[in-house]
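Hi there,

Here is the structure I promised you. Have a look at it first, and then read on for what turned up.

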Amino acid sequence: MTLQQEIVGNAMQMAVVNLSPGQTVYCEAGKFLFKTTNVSMETRLSGPSGGAGGQQPGAGGGGGMGGMLRQAMGTAMQVGQRALAGESLAFQYFTSTGGEGTVGFAGVLPGEMRALELDGTRAWFAEKDAFVAAESSVEFGIAFQGGRTGRSGGEGFVLEKFTGRGTVIIAGAGNFIDLNPADFGGRIEVDTGCVVAFEEGIQYGVQRVGGLNRQGVMNAVFGGEGLSLATLEGNGRVILQSLTIESLANALKKAQGGDKQGPTGGLFSTHAG
């Protein structure tokens, strides 16, 4: 069943979801805005599918104590992955009872939202904190990029992964642009903080900006991009955002008189938090 949703607003969008009787949608803790009274809300540590997450409370996993142990271990593994990734430890589940219901969700930064439709053939990957909500037939997971990529880029080491069939809603900062690397010779290079999401089949990596020469040092020190760029290769949909969290944090620090970036751009800038 397709999730009936509408994305409203402009500078700070929200998603208004209409649930059919018995239909369930889940969100990351902290993304819920409002609901009608006939929509129940439950907070759980387990994901919507895979191991413990595919079971509704009281459904019974089968297999007696062995099934319960496997369920507990599956939940612990999911929670451990999310903790390691710095994600919320819990999900909130909303189910409409006694008729149709309405639930509202939003991201945490000023910007756009997007509803992605998964048909079961391709997964989607998104940057940390992009996930807002999804119907219960969509599985949420954590994907770890290779160690070399993570160490080089500083961003993109941990990705959210969505599989299955159904609607998933993501959010980002600023405005979105949709690109396909195949339309630009098969490869694009972007600021590591601009990547919001991309389809399975896109190869994501991080490369050093320039070589160890005069121009490379100038790019890194004075260009504002630091030492690395994200690379996206292949044929598939890519969503980028116009505002990075680092640039927003630096703008806020500057407005408060605490900007320490100075003339050296991204290389020596201090991150918020």
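Arg187 is partly exposed, with a relative accessible area of 32%. Please keep in mind that this is a predicted model. Glu233 is also partly exposed, at 32% relative accessibility. The side chains of Arg187 and Glu233 meet in a salt bridge, with 3.2 Å from N to O. This pair links distant parts of the chain: Arg187 belongs to strand β14 and Glu233 to strand β17, 46 residues apart.

Those two strands are also joined by four bridges and run antiparallel, with β17 covering residues 228–233. Within this pairing, Ile188 has Leu232 of β17 as its bridge partner. Together with β16 they make an open, antiparallel sheet of three strands, in the order β14-β17-β16. β14 (187–190) and β16 (203–208) are the edge strands, each pairing on one side only. On average, neighbouring strands here are turned by 30 degrees against each other, direction ignored.

How many salt bridges does a search of the whole structure find? There are eight. One of the pairs is Lys31 with Glu28, whose side chains meet at 3.1 Å, N to O. Lys31 counts as buried because its relative accessible area is 4%, under the 20% cut-off. Glu28 is buried too, at 5%.

Arg114 and Glu112 form another salt bridge, their closest N and O atoms being 3.8 Å apart. Both Arg114 and Glu112 are buried. They are part of a salt-bridge network that also links Asp178 and Arg237.

Happy exploring!

Technical notes:
Residues are numbered from 1 along each chain as its sequence is written. This is a predicted model: local features need pLDDT of at least 70, side-chain atom pairs count only at pLDDT 80 or more; totals for chains, interfaces and linings use all residues. Side-chain values use heavy atoms; hydrogens and water are left out. Two strands pair if DSSP finds at least two bridges between them. Axes are lines fitted to C-alpha atoms, for helices over the stretch in contact, and angles run from 0 to 180 degrees between N-to-C directions. A salt bridge is a side-chain nitrogen of Lys or Arg within 4 Å of a carboxyl oxygen of Asp or Glu. Buried means under 20% relative accessible area, exposed over 50%, partly exposed in between (1.4 Å probe, protein chains only).
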